[in-house]
Amino acid sequence: MTNPVNHIVIVGGGTAGWLTAGLIASKNQPLDASDLKITLIESPDIPTIGVGEGTWPSMRRTLREIGIRETDLIRDCHAAFKQGSQFINWCSDNRQEHYFHPFNPPITTSDPFEFWQRQSGSTQSFADCLDAQPTLCEAGLAPKTITTAEYAGTLNYGYHLDAGAFSTLLQKHCCNALGVRHHLQNVQSVHRAENGDISHLITADGQTLQGDLFIDCTGFRGLLIGESLQVPLIPQGHILFADRALAGQVTYDQPDQIIACQTRSTAQSAGWIWDIGLSHRRGIGYVYSSNHISDEAAERELANYIGPGFGNTSVRRININSGYRKKFWVNNCIAIGLSAGFLEPLEASALMLIEQSANMIAERLPANRMVMDRLAEQFNQRQHHHWERIVEFLKLHYVLSNRQAPFWQENREVSSIPESLSEKLQLWEYHAPTAQDFSAESDVFSWISYQYILYGMGFKTEARPTCAADRCAKLSQLRDRRLEQLLTQLPNHRQLVDKIRQYGLQTV
Amino acid sequence: MNITPLEQLNTTDLAISGTQGHPHAKSRQLINLVVTEIAQISLDMPVIFVKDGNTGQFRCVALLGLEQNQNLMFNQPRWHSHSIPKHIQREPFCIGPIDQQRNTLGPCIDLDSDYVTTQSEGTALFTELREKTEFLKRVEEFLATLFEEERLTQEFINTIVELGLLREISVECQPQQGDNRSLSGLFIIDEERLRQFDADTVKRLMDQGFLNPIFASLNSLGQLNRLTALFNQQSESTLVQTTVQLK
């Protein structure tokens with residue numbers, strides 16, 4: 001049972017596979033010195049899904065750790081900067097409205113709601129009251145300048161990127177710089193030992209691939225975790241109704257057209273449309289519930305959104321199955337990426353969860369088989385907590401809406417709302433969210449994120465004002481001065497991206 | 001600015017005057033340097049590195065002042081330095097694009113410069129026979145050398161950037177009264193990193209002629225004391241000290 005873990009086999013080579021390989025390999029350099037071998041085997045025939053084009057700010061740390069230059073990311077993956085999400089027409093049917101969930105921390109991280117509440121005389125939105133970032137985004141400005149070092153920012157940011165190109169960039173780096181072995185081969189069969197562990201794979205060319213730890217990055221298929229180990233998915237479709245996506249790519253009309261620096265998410269009759277700006281095109285797609293709208297009608301809504309350019313757009317339909325595995329780590333097999341589960345990309349959690357999982361494994365790579373079951377228990381517990389919290393947070397966006405179409409009304413039915421969320425919402429009618437409302441475990445969405453959604457969508461909390469007036473005045477002044485400064489200091493987002501493509505950023 | 005290639009000048013009655021002391025530089029806080037002059041310039045003023053605001057690429061510069069638009073080295077009518085950076089000396093001439101596509105570089109003149117005159121009082125560029133004067137020939141030689149030195153400087157910058165030799169600092173100016181002021185966005189040679197280099201790397205830097213400028217720029221930080229003294233002579237406020245803060 002104390003067999004050491006010397007060979008890690010990653011099955012599947014999308015962003016999940018290569019990010020996992022990169023994080024494990026970079027934390028164990030050089031591989032030979034630690035007697036570690038990492039093999040990634042991927043099918044030459046299966047295309048990557050290519051959704052998940054938005055990242056969280058955590059991707060900056062991830063890429064720096066893996067050792068990829070930010071300049072290369074911008075150039076090779078047509079990447080642009082993302083400063084948060086903008087939700088358009090989510091609150092009601094009748095008026096044009098929107099709100100922001102920005103990445104930058106608010107000007108006060110101790111009492112954002114109380115500060116905003118004190119300023120209730122003003123018509124300022126919650127997000128605008130707390131930070132300059134929404135205004136700067138709408139002005140088309142970038143979160144940094146050409147003289148800012150790689151991965152540093154004046155404002156907090158993540159990326160919008162081309163997922164296919166991202167896999168290729170990661171692959172090149174993993175193989176050329178980090179010593180990851182790459183096999184392009186179909187897996188014919190998965191074989192298990194008496195104790196249930198995966199012992200080896202047989203590939204289509206008859207080769208045997210043995211390993212000590214197997215990581216399943218085979219996407220929706222779940223070749224190891226599902227087909228071989230029979231770990232079921234816990235469906236979440238009763239909470240999050242979307243089960244289809246129509247994804248398209250739209251080119252810019254003009255080469256100097258503005259690149260949106262935020263993910264734009266616009267509510268529709270039976271779901272919402274994502275709109276993500278890369279340097280050479282936009283990725284646009286409709287996530288919807290097939291119980292509430294036909295595929296044809298959904299396509300019409302998407303065509304409406306895109307406008308005249310829709311005629312030239314090839315649209316791909318993706319069936320999605322909201323849910324996550326009952327366990328993510330069983331025996332010597334770990335599921336990362338779509339094989340672990342899928343939720344609609346409303347808050348771009350897919351890549352973040354991959355980083356999260358891969359980091360957890362890389363930071364405490366099991367030394368041998370004996371410790372694996374205990375580590376698996378920790379891992380499963382933590383990941384379950386994350387998935388539950390993401391489901392709850394995504395549902396919050398729907399629960400607070402006043403839209404009247406059946407899809408939206410049904411989303412507010414009590415039976416579809418997780419109890420933990422209902423309880424919190426009752427509490428928040430009288431007390432704004434604080435850290436106290438959440439478990440001590442590191443949470444993927446902070447209480448501040450909850451405030452952005454709640455008050456962005458017009459939720460009312462009847463709390464006694466507590467933020468002192470003079471402190472409020474000082475905070476407002478600070479924020480306004482910062483906004484004024486940044487409006488002149490920060491460059492246009494498109495111009496910065498073009499400049500980085502031309503000159504590159506410095507590493508210091 | 002009206003940068004015109006010397007070859008395309010259609011007037012020949014141009015002359016240069018008033019360049020004595022290079023008064024155009026009176027409010028230049030930073031001046032680009034070429035690698036070949038770093039050692040000499042470092043005897044007079046701090047030689048540091050900054051990022052170009054337009055391209056983000058590193059440039060090697062002399063620091064001439066402790067405030068924006070301040071040149072403490074030039075106190076009309078004279079310079080407090082033994083040598084003057086070539087990019088100051090060259091004015092009103094420069095190296096600029098000489099073709100329509102702006103791909104080819106060559107000797108140019110800024111016709112909007114105060115130094116350019118059509119009066120007879122200056123140093124003429126052309127003879128009465130419309131031939132280049134000795135002065136203009138010397139200018140062209142100077143620019144040709146500068147062009148070559150620019151290329152070498154780019155190689156120098158690329159080399160130290162690739163070797164990870166630059167680290168960020170700020171210069172903290174402590175006045176007798178009031179809050180410290182800080183100059184940020186400045187970079188210097190990372191001495192610790194330099195010390196970790198193996199013999200091959202050091203040999204390569206020496207063969208390229210880059211080792212001397214590297215050490216010269218490091219040592220030139222001591223010239224901040226000189227800038228501080230000049231500041232106190234020329235300015236109404238007084239600085240107690242000026243220190244380098246590693247970032």
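Reader: How many salt bridges are there between chain B and chain A?
Author: This is a predicted model. A salt bridge needs a side-chain nitrogen of Lys or Arg within 4 Å of a carboxyl oxygen of Asp or Glu. Between chain B and chain A the count is zero.

Reader: How do the residues on the side of chain B that touches chain A divide?
Author: Chain B puts 11 residues in contact with nine residues of chain A. On that side of chain B, the residues divide into four nonpolar, five polar and two charged.

Reader: How many residue pairs are in polar contact across the interface of chain B and chain A?
Author: A pair of N or O atoms must lie within 3.5 Å to qualify. Both residues must also be at pLDDT 80 or more. Across this interface, the residue pairs that pass number five.

Reader: In chain A, what is the bridge partner of A:Tyr324 in strand 21?
Author: Chain A has an open antiparallel sheet of three strands, in the order 12-18-21. Strand 12 (233-235) and strand 21 (341-342) are its edges. Strand 18 (residues 323-325) pairs with strand 21 over two bridges. In strand 21, A:Tyr324 has as its bridge partner A:Gly341.

Reader: At what angle does helix 11 of chain A run to strand 18 of chain A?
Author: Helix 11 spans residues 369-399 of chain A. It lies across strand 12, strand 18 and strand 21. Its angle to strand 18 is about 175 degrees.

Reader: Which residue of strand 11 of chain B stands opposite B:Ile16?
Author: Chain B has an open sheet of three strands in the order 10-2-11, with antiparallel pairing. Strand 10 (116-117) and strand 11 (123-124) are the edge strands. Two bridges join strand 2 (residues 15-16) to strand 11. Opposite B:Ile16 stands B:Thr123.

Reader: Where is B:His22, with its positive phi?
Author: B:His22 is not a glycine, yet its phi is about 50 degrees. Its place in chain B is the loop between strand 2 and strand 3 (30-32).

Reader: What is omega for the cis peptide bond that joins B:Glu91 and B:Pro92?
Author: B:Pro92 sits in the loop between helix 2 (86-89) and strand 8 (93-97) of chain B. The bond joining B:Glu91 and B:Pro92 is cis, with omega of about 5 degrees.

Conventions
Residues numbered from 1 in each chain as written. Chains lettered and ligands numbered in written order. Predicted model: local features only at pLDDT ≥ 70, side-chain atom pairs only at ≥ 80, totals over all residues. Heavy atoms only, no water. Contact = heavy atoms within 4.5 Å. Polar contact = N/O pair within 3.5 Å; in protein donor to acceptor, adjacent residues only side chain to side chain. Nonpolar A, V, L, I, M, F, W, Y, C, P; charged D, E, K, R; others polar. Pairing = 2+ DSSP bridges. Helix = DSSP H or I, 4+ residues; strand = E, 2+ residues; numbered from the N terminus. Axes fitted to C-alpha atoms, helices over the stretch in contact; angles between N-to-C directions.
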